[in-house]
Amino acid sequence: YQRRVHGDSIISKMECYPVRCIMASPPTTLPPMPSIGTIADCLFDTTHGAFPVVGADGKLVGLILRHHLELLLHHRAAPPSTYETVQKCMLDAELAPFEFSEEELRGNEQTLDLGPYIDRSPFVVSPDFSLSLTYHLFRGMAIRHLLIAEMGQVIGMVTRKDLIGQHIAYSMRKQPPLQ
């Protein structure tokens with residue numbers, strides 16, 4: 001994780017930068033009750049591993065993983081309803097990959113309730129949160145996704161890939177450090 005840039009470690013330079021300099025913005029979001037077509041668009045058009053779920057007022061509701069969305073599409077006729085059923089489906093799903101017909105799913109207006117599958121307490125920080133602390137948060141808590149929000153509105157997202165040495169160094173060169 002620690003790469004050297006011009007003789008100084010990236011980690012020590014991160015003290016002077018906010019997390020906003022590496023966040024992906026704007027994030028691809030979903031409503032709590034999206035159509036199958038909307039879910040399909042997210043899955044086929046992006047490679048993201050998770051999506052923030054936001055209410056009609058734009059406020060953060062939580063985070064849903066790509067794999068959970070795939071599970072829901074796989075079982076769309078009768079989605080699992082209890083936590084135990086979801087866990088069993090997740091274990092079964094790891095044995096065989098999901099295969100979907102893009103034509104069948106895109107444009108489908110049937111809605112799905114994401115409520116039971118949403119992580120309602122994802123890690124969230126402000127855009128001015130320290131990049132150094134962000135790095136230590138990912139390492140110490142082994143998280144994969146960090147949401148960036150201002151006054152409840154999601155404005156960006158950071159993943160583990162964003163904390164790779166070359167990406168951080170490039171992002172830090174684009175933005176001047178804080179004073």
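Visitor: What do β3 and β4 form, and how many residues lie between them?

Guide: In this predicted model, β3 and β4 form a hairpin with five residues between them. G58 sits in the turn and has a positive phi of about 85°.

Visitor: How do you know that β3 and strand β4 pair?

Guide: Two strands pair if at least two bridges are found between them. β3 and β4 (residues 60–65) have five bridges, in the antiparallel sense, so they meet the cut-off of at least two. Within this pairing, F51 stands opposite I64 in β4.

Visitor: Why is β3 called largely enclosed?

Guide: Five of the five residues of β3 are buried, so the rest of the structure largely encloses this strand. Both faces are covered: A50, P52 and V54 are buried on one side, F51 and V53 on the other. In a regular strand, side chains alternate between the two faces of the sheet.

Visitor: Which elements do the buried residues of α2 pack against?

Guide: They pack against β3 (50–54), α3 (66–74) and α5 (102–105). The buried residues of helix α2 (residues 36–45) are I36, G37, I39, A40, C42 and L43.

Visitor: What makes β5 and β7 edge strands?

Guide: The open sheet has three strands in the order β5-β6-β7, with mixed pairing. β5 (124–125) and β7 (153–159) each have a single partner strand, so one side of each has no neighbour in the sheet. Strand β6 (residues 145–150) is joined to β7 by six bridges, and the two run antiparallel. Helix α6 (residues 131–141) packs on this sheet and touches β6 and β7; its direction makes about 140° with that of β6.

Visitor: Why is M157 called buried?

Guide: Buried means under 20% relative accessible area. M157 has 9%, so it falls under that cut-off. This residue is found in strand β7. Among the residues that M157 touches are M23, P27, A50, P52, L63 and D162.

Visitor: Where does D162 lie, and what is its nearest side chain of opposite charge?

Guide: D162 lies in the loop between β7 and α7 (165–174). The nearest side chain of opposite charge is K161, 8.8 Å away. A salt bridge needs the atoms within 4 Å, so D162, which is buried, has no salt bridge. A polar atom of the D162 side chain does lie 2.8 Å from the backbone nitrogen of T159.

Visitor: How do you know that D128 forms a salt bridge with R20?

Guide: The closest N and O atoms of D128 and R20 are 2.7 Å apart, so the pair is within the 4 Å cut-off. It links distant parts of the chain: D128 is in the loop between β5 and α6, R20 in the loop between α1 (10–13) and α2, 108 residues apart. The structure holds four salt bridges.

Visitor: Why is R106 said to tie together separate parts with D41?

Guide: R106 forms a salt bridge with D41, with the closest N and O atoms 2.7 Å apart. R106 lies in the loop between α5 and β5 and D41 in helix α2, so the pair joins parts 65 residues apart in sequence. D41, D45 and R106 are linked in a network of salt bridges.

Conventions. Residues numbered from 1 in each chain as written. Predicted model: local features only at pLDDT ≥ 70, side-chain atom pairs only at ≥ 80, totals over all residues. Heavy atoms only, no water. Helix = DSSP H or I, 4+ residues; strand = E, 2+ residues; numbered from the N terminus. Contact = heavy atoms within 4.5 Å. Axes fitted to C-alpha atoms, helices over the stretch in contact; angles between N-to-C directions. Buried < 20%, exposed > 50% of the residue type's maximum accessible area, 1.4 Å probe, protein only. Lys, Arg positive; Asp, Glu negative; His and termini not counted. Polar contact = N/O pair within 3.5 Å; in protein donor to acceptor, adjacent residues only side chain to side chain. Lists of a residue's contacts leave out its neighbours within four places in sequence.
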